[in-house]
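Have a look at the model first, and then we can walk through the pairs together.

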Amino acid sequence: MPNLTIDTIRAALKTHVDPLVGNNLVDAGVLGDVRVEAGRAIVEIELGFPAAGYRDELIAGVQKTLLAATGASSEVRVNWKIQSHGVQAKLQPLQTVKNIIAVASGKGGVGKSTVAVNLALALKAEGARVGILDADIYGPSQPRMLGTSEKPTSPDGKVMLPIHAHGMQAMSIGFLIDEEQPMIWRGPMATQALMQLFGETRWDEMDYLVVDLPPGTGDIQLTLSQRIPVSGAIVVTTPQDIALLDARKGLQMFRRVEVPILGLVENMSFFCCPNCGHQSDIFGTGGGQSMSEQYDVELIGRVPLDAQIRQQADSGMPTVAADPESAVSAIYRDIARKAAARLAHGTPADAFPDIEVAED
């Protein structure tokens with residue numbers, strides 16, 4: 001066996017390719033202090049994304065790599081430091097919000113809001129400070145999903161304090177109006193309302209603000225992409241062909257304004273019978289993967305069609321909060337880690353392909 005030195009440790013770690021970082025640990029720049037103490041390797045790793053649910057797996061993998069390469073035992077420490085990342089040209093990140101992640105869909109009815117709230121809760125569970133902004137002015141659903149009807153307060157009559165629910169900050173037009181009150185506003189009024197919700201909320205320091213966009217590619221979506229500093233976007237679809245058609249429009253909209261697509265989420269991907277365990281592809285199969293390959297965007301998760309997901313969201317206790325140890329919560333947390341890792345360490349589609357979007 002070679003002598004245990006810093007060079008041999010680094011050489012071993014150069015062979016360890018982490019699936020979330022997307023590179024070996026040396027070239028990814030995530031290595032901190034590396035040293036030898038009493039014949040043991042001491043390795044410190046600093047990720048750019050929260051990874052509370054992945055830390056033990058990463059430690060075990062690195063220790064296995066070091067043992068195989070050097071024959072020595074090791075102590076591996078994993079932490080993370082979340083930085084602000086790039087946003088659209090001519091926009092600057094908020095001082096109190098490091099990263100804004102937009103969750104979008106091309107059409108309604110695909111479960112985007114449920115994915116958004118569980119994504120936010122999953123990022124929190126992974127170790128981040130998180131908030132959620134409900135950008136659906138006409139049909140806000142986050143107050144119901146977060147289980148609160150609390151009204152925002154203002155310390156000075158100029159700004160609002162965010163609502164706190166499940167350990168997250170939140171803001172929605174739904175906190176300001178009656179649940180049954182319709183918003184009969186034209187587009188400019190709705191976009192003005194969104195900018196007020198975003199800009200006049202006194203957000204505390206947070207790592208990620210998840211923005212739950214309304215379905216489609218209209219005024220609200222364009223306002224967000226042009227005036228709100230977005231670090232990355234997630235597109236939610238179902239395997240159904242008509243949903244995929246509309247999801248493509250949302251994906252192309254973000255690419256046109258140079259917002260990185262962190263990944264696709266295929267919601268209602270399959271149904272697993274709770275009695276016999278048989279899996280049925282009710283809305284088709286392979287649509288998300290096909291879209292992923294066509295547009296060179298990673299499919300970062302497939303969420304099943306599960307009655308409990310709907311029931312828990314409707315009751316104000318989304319799945320990640322209601323049943324954090326469940327298999328479905330594990331799926332949401334995996335999606336959150338992948339999205340945050342792509343934001344921190346790059347996405348497979350960083351080099352945007354040439355896409356022509358014709359004007360109507």
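## Salt bridges in the predicted model

Aspartate 207 has a relative accessibility of 5%, so it counts as buried. This is a predicted model, and it holds 18 salt bridges.

**Aspartate 207 and lysine 98**
- Aspartate 207 forms a salt bridge with lysine 98, and their closest N and O atoms are 3.5 Å apart.
- The two residues sit 109 residues apart, with aspartate 207 in strand E10 and lysine 98 in strand E6, so distant parts of the chain are linked.
- Lysine 98 is partly exposed, at a relative accessible area of 23%.

**Glutamate 126 and arginine 333**
- A salt bridge joins glutamate 126 to arginine 333, with 2.7 Å between the closest N and O atoms.
- Glutamate 126 lies in the loop between helix H3 and strand E7, while arginine 333 belongs to helix H11, 207 residues apart.
- Glutamate 126 is buried at 0% relative accessibility, and arginine 333 is buried at 18%.

**Arginine 202 and aspartate 156**
- The side chains of arginine 202 and aspartate 156 form a salt bridge of 3.6 Å, N to O.
- Arginine 202 is in the loop between helix H5 and E10, and aspartate 156 is in the loop between helix H4 and strand E8, so this pair ties together parts 46 residues apart in sequence.
- Arginine 202 is partly exposed at 41%, and aspartate 156 is partly exposed at 39%.

**A network**
- Salt bridges also link Asp33, Arg35, Glu37, Arg40, Glu44, Glu75 and Arg77 in a network.

Notes:
Residues numbered from 1 in each chain as written. Predicted model: local features only at pLDDT ≥ 70, side-chain atom pairs only at ≥ 80, totals over all residues. Heavy atoms only, no water. Salt bridge = Lys/Arg side-chain N within 4 Å of Asp/Glu carboxyl O. Helix = DSSP H or I, 4+ residues; strand = E, 2+ residues; numbered from the N terminus. Buried < 20%, exposed > 50% of the residue type's maximum accessible area, 1.4 Å probe, protein only.
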